[in-house]
Amino acid sequence: MKEAARLVKERHPDLIVDGEMQADTAVNPDIVDRIFPFCDIQGRREYPDLPNLDAGNIAYKLVQQLGGGEVLGPFLMGVRKPANVLQRTCTVDDIINTIVITALEAQAYKE
C-alpha cells in the first residue's frame, strides 16, 4: 500500500491519497485529526483504500449488513467486453444498478 500510494502521488499529484491505515482510522476523521495529523487525507473520507481483495470484501460486507450501506459491485476489470457479476444475496436494486453500470461501460467502449 505504501508503494501504491507513492505511485499514485507521483503519477497524479492532483489526487489526495494516503498510505496504509487501520479501518477505524480510515473512516473516522476524529482519529486522523487527533492521532495522525500528518496524514494527507484529513476530514471526511468517502471510502478507504484496502490492502487486498479479502480486506475489501470483509469491509464492504460489514458496511452493507451492519451499517445499511448501499453496495455496488463487484465489478469485473480487465475483460475485453463489459461484464459484471451479481452476488448470490443481491436484491432487485442491486440487479438494476449492475445493469445500469454495465450499460454505461458498454457505451464507453463504443466511444
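**Entry 1: salt bridges**

I take a salt bridge to be a side-chain nitrogen of Lys or Arg within 4 Å of a carboxyl oxygen of Asp or Glu. The model I am reading is predicted. I looked up how many salt bridges the structure holds, and there are two.

I started with Glu 3 and Arg 6, whose side chains meet in a salt bridge at 2.7 Å, N to O. Both residues belong to helix H1, which covers residues 2-11. Because they are three residues apart there, about one helical turn separates them.

I then checked Arg 6 against Glu 10 and found a salt bridge between their side chains, again with 2.7 Å from N to O. This pair also lies in H1, four residues apart, or about one turn of the helix. The shared partners join Glu 3, Arg 6 and Glu 10 into one network.

An α-helix has 3.6 residues a turn, so residues three or four places apart point the same way. Side chains of opposite charge can pair when their charged atoms come close.

**Entry 2: accessibility of the network**

Glu 3 has 43% relative accessibility, so I list Glu 3 as partly exposed. Arg 6 has 39% and is also partly exposed. Glu 10 has a relative accessible area of 52% and is therefore exposed, the cut-off being over 50%.

**Entry 3: helix H4 and what follows**

I checked the length of helix H4, residues 53-67. Its 15 residues, at 1.5 Å a residue, should span 21 Å. The end C-alpha atoms are 20 Å apart, so I record agreement. Just after H4, I found Gly 68 with a positive phi of about 70°.

**Entry 4: Glu 111**

I located Glu 111 in the segment after helix H5, which runs over 92-110. Glu 111 has a relative accessible area of 82%, so I put it down as exposed. I also took the separation from Gly 69: Glu 111 is 42 residues away in sequence, and the C-alpha to C-alpha distance is 33 Å.

**Entry 5: nonpolar patch**

Which residues form the nonpolar patch on the surface? I list Val 92, Ile 96, Val 100 and Leu 104, with about 370 Å² of accessible area together. I looked at one of them, Ile 96, which is found in helix H5. At 44% relative accessibility, Ile 96 counts as partly exposed. That value passes the requirement of over 30% for patch residues.

Conventions: Residues are numbered from 1 along each chain as its sequence is written. This is a predicted model: local features need pLDDT of at least 70, side-chain atom pairs count only at pLDDT 80 or more; totals for chains, interfaces and linings use all residues. Side-chain values use heavy atoms; hydrogens and water are left out. Helices (H or I, at least four residues) and strands (E, at least two) are DSSP runs, numbered from the N terminus. Buried means under 20% relative accessible area, exposed over 50%, partly exposed in between (1.4 Å probe, protein chains only). The expected span of a helix is 1.5 Å times one less than its number of residues. Patches are made of residues with over 30% relative accessible area and no salt bridge: like charges are joined within 9 Å, nonpolar side chains (Val, Leu, Ile, Met, Phe, Trp, Tyr) within 5 Å. Accessible areas come from the Shrake-Rupley method with a 1.4 Å probe; for residues, only the protein chains shown count as cover.
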